[in-house]
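Subject: Structure handover

Dear colleague,

I am passing on the structure we spoke about, and would be glad if you could look through it alongside the notes below.

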Amino acid sequence: MIRVVIDRWLAEGGDEAIEKIMRDLRREAIHSPGYVTGETLRDIADPHHFVILSTWRSREEWETWAASEMRREIEDQIRLLLAEPEKITVCEPA
């Protein structure tokens, strides 16, 4: 099992749009082989900062989803709403 941590910093004015798009992305990820669970958190100290946590059975399954056309299309929509590029960290149990 691995955990994927994605940090996104939203540009001003994109709140409603990004929440819908991120739900769409999760809805698609759920059907991807290897997806176990996920959640989206909003930073209390900085409401423009979102942290997305997902659990995958393997790094290979995550990478397959990450490279998929569906994910790329939705990520392109998200990218337009960000103040800076997202940061992705892939973690394994210590």
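What follows is an account of what was found in it.

Please bear in mind throughout that this is a predicted model.

I begin with strands S2 (residues 35-42) and S3 (49-56), which pair in the antiparallel sense over seven bridges and are joined by a hairpin that runs through six residues. Within this pairing, Arg 42 has Phe 50 of S3 as its bridge partner.

Beyond S3, the loop that leads from this strand to helix H2 (59-66) contains Ser 58, whose side chain makes a polar contact, at 3.0 Å, with the side chain of Glu 61. Ser 58 counts as buried because its relative accessibility is 18%, and the cut-off for that class is under 20%.

In helix H3 (residues 69-79), the buried residues are Arg 71, Ile 74, Glu 75 and Ile 78. These residues lie on the same side of H3, because the arc that they cover around the axis is only 105°. The buried residues of H3 pack against strand S1 (2-10), helix H1 (15-29), H2 and strand S4 (82-91).

Technical notes. Residues are numbered from 1 along each chain as its sequence is written. This is a predicted model: local features need pLDDT of at least 70, side-chain atom pairs count only at pLDDT 80 or more; totals for chains, interfaces and linings use all residues. Side-chain values use heavy atoms; hydrogens and water are left out. Helices (H or I, at least four residues) and strands (E, at least two) are DSSP runs, numbered from the N terminus. Buried means under 20% relative accessible area, exposed over 50%, partly exposed in between (1.4 Å probe, protein chains only). A polar contact is a pair of N or O atoms within 3.5 Å; within protein, one must be able to donate a hydrogen and the other to accept it, and residues adjacent in sequence count only if both atoms are side-chain atoms. The arc is that of the directions from the helix axis to the C-beta atoms. Contact means heavy atoms within 4.5 Å. Two strands pair if DSSP finds at least two bridges between them.
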